[in-house]
Amino acid sequence: MRIIKNKRWFNTIKKFGGRMPYYCIPKSLQDVILLVKRAESENKRIKAVGSGHSFSDVAVPESYLVDLKKLDKLLSLDKDTIKPDFHTLNLVHVEGGMTVQKFNRRMELMDLCVANMGGIDNQTLAGAIATGTHGTGLGLPSFPGMVRSLLLVTHGGKCLRIEPTNGITNADQYNETGVELVQNDKIFYSAILSLGCFGIVYSFILEMEKMYYLEETKKCYEWSTIKPQLEDRSLFYEKDGTTPIRGVMVQVNPYENDQKDHTCIVVRHRLIEKKRGRSIGDATRNWISSILGRLPVSYWVIRRIANKNAAKMPKMIDRSLRSLKDKRYINKGYKILYQGAEFVKIRAYDSEFAFDMTGNKNDFVVALEEMFKKAESNKADKLYQTAPMGLRFVDQSPAYLSPEYRGQVAYIDTPFILHTPKLDEILLGYQEIMLKNKGIPHWGKINTILDGKPEIIQANYPKLKEWQEVFREFNPNKIFSNKFSDRLNLGFIGEEVPSENLNV
Ligand SMILES: Cc1cc2nc3c(=O)[nH]c(=O)nc-3n(C[C@H](O)[C@H](O)[C@H](O)COP(=O)(O)OP(=O)(O)OC[C@H]3O[C@@H](n4cnc5c(N)ncnc54)[C@H](O)[C@@H]3O)c2cc1C
């Protein structure tokens, strides 16, 4: 294992990080165990990082940084210990440091595919799972929903294989050396979205889908056409009103167009037969927008306009939305789910809030329209949006700390180009609107509205008490905590802090 002293680490947007006293690159499970024991014996904090793609400081370690980049392999799966009921599932065993990109390629070789993913693939599996990374699809899970089993190195260097009460492993046949099997719903549904606060996750057993093909269409509409279809949910179905569309995403310009409406692009992902022929047009995305997204110049052009000529942004967003139109693009599932525009995206900055959609709730529509008004009024202060707003939709999640724990949600995404003038000020305004309209912030994105307001977390997570009990069991000395979890008082919200809970 390599341990480098005082090495610099920053998240990708270079907002959070610093010199890490111990930058550790373990090469085996044993190394991870050693590191946890060592940090604990020195009463120092230890935290795993993934690719550093969280915009918030959720990942920032304080003393021991554990980078799992060498723990990125597929592992063998002992089928003999899996209960027969689960033999039909497409299960894969993988180390947590593998990036989503590498994982997708490996899965392709096995004719398997993720059910869903975020718009980029640079994250590690452990990082994406720990914050509940999601894509779009009202019937599709976010990352934690694919986890069937995980191996956690926790307090005391203990190794636990954690599964739901009715987990995939047959306890009678279980024989993993040095690892204790824990089959318990409370622990499992807490640990699959842990924000890195329970220890270091070494590996996962994930459930995959057989490789599938998707057709993507991108059509342009006015907001006034799309809004009622969102409210009555017809947007999520084919014209017959009963066949669900696998994934729907909406991107909208918050500024009015010449028709006093708002330009939208609706992206639809439909499952299609593998054998269907593909013309050249079908096999590629709209090439103009694909190429522009890959070019550094796109980022610099937007940044320059935002700084020098911001009043042009509303029209520019309109033009860029219209340029995304695409009749049809067909490819393997993960290739369609990957939304590209990588150069621009890794220089983005955003808040994203989830809104409960159960019982025909439409708070997300109300919030979005208030945000349109805010964008308009911000113009007077020369504050401008530098990208369209996005709507994505995700199925209910059993993870206790998932924003979609209560049911299906709509996420409102407010991306900006990094270094947009007065970015934090604009985002705070949007966060206030989303919170007022019952939105819940994404853990990995800008969620400063949560600071000093633990009641927001308490009100929105019905299983917070259970999650916190597991937190205190696995992280009794707050060795796996950081400034983010301290600031939000995670583990102790609404609880009496026991005197033995020392702050490391
Ligand atoms: C350009 C861009 C696009 C994005 N798109 C989306 C999107 O489409 N949908 C979405 O939901 N989110 C999106 N995000 C947010 C991102 O997916 C999450 O913040 C994700 O957590 C980042 O993964 P990471 O590997 O970089 O983890 P990091 O940011 O490095 O870490 C995230 C958390 O995981 C923990 N962690 C990492 N590894 C381990 C481990 N082995 N054991 C225990 N804990 C661990 C860390 O401690 C931390 O708490 C995007 C971010 C960026 C920068």
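Lys438 is found in the loop that runs between α12 (423-436) and β19 (440-441), where helices (H or I, at least four residues) and strands (E, at least two) are DSSP runs numbered from the N terminus. The model is a predicted one, in which local features need pLDDT of at least 70 and side-chain atom pairs count only at pLDDT 80 or more, while totals for chains, interfaces and linings use all residues. Residues are numbered from 1 along each chain as its sequence is written. Although Lys438 is not a glycine, it has a positive phi of about 75°. Lys438 counts as partly exposed because it has 17 C-beta neighbours inside 10 Å; a residue is buried if 20 or more other C-beta atoms lie within 10 Å of its own, exposed if 12 or fewer, and partly exposed in between, with C-beta atoms placed from the backbone.

A positive phi is also found at Lys478, a residue other than glycine, where the value is near 55°. Lys478 lies in the loop between α14 (464-474) and α15 (483-487), and with 20 C-beta neighbours inside 10 Å it counts as buried.

The protein is divided into domain 1 (73-210) and domain 2 (213-450), with bounds that come from an automatic or database domain assignment. The centres of domain 1 and domain 2, taken over C-alpha atoms, are separated by 28 Å. To the contact between them, domain 1 gives 28 residues and domain 2 gives 30 residues, two residues being in contact if their C-beta atoms, placed from the backbone, lie within 7 Å. On the side of domain 1 that touches domain 2, the elements that give two or more residues are α2 (100-109) and α4 (185-191). The residues of this side divide into twelve nonpolar, 14 polar and two charged, where Ala, Val, Leu, Ile, Met, Phe, Trp, Tyr, Cys and Pro count as nonpolar, Asp, Glu, Lys and Arg as charged, and the others, Gly among them, as polar.

The ligand is surrounded by 34 residues, of which the closest are Gly50, Gly118, Gly127, Gly196 and Gly444; a residue is near a molecule if its C-beta atom, placed from the backbone, lies within 6 Å of it. Elements that give two or more residues to this shell are β3 (46-49), α3 (125-131) and β11 (200-210), and the largest share, five residues, comes from α3. The shell around the ligand divides into 14 nonpolar, 18 polar and two charged residues. Because domain 1 and domain 2 both give residues to the shell, the ligand lies between them.
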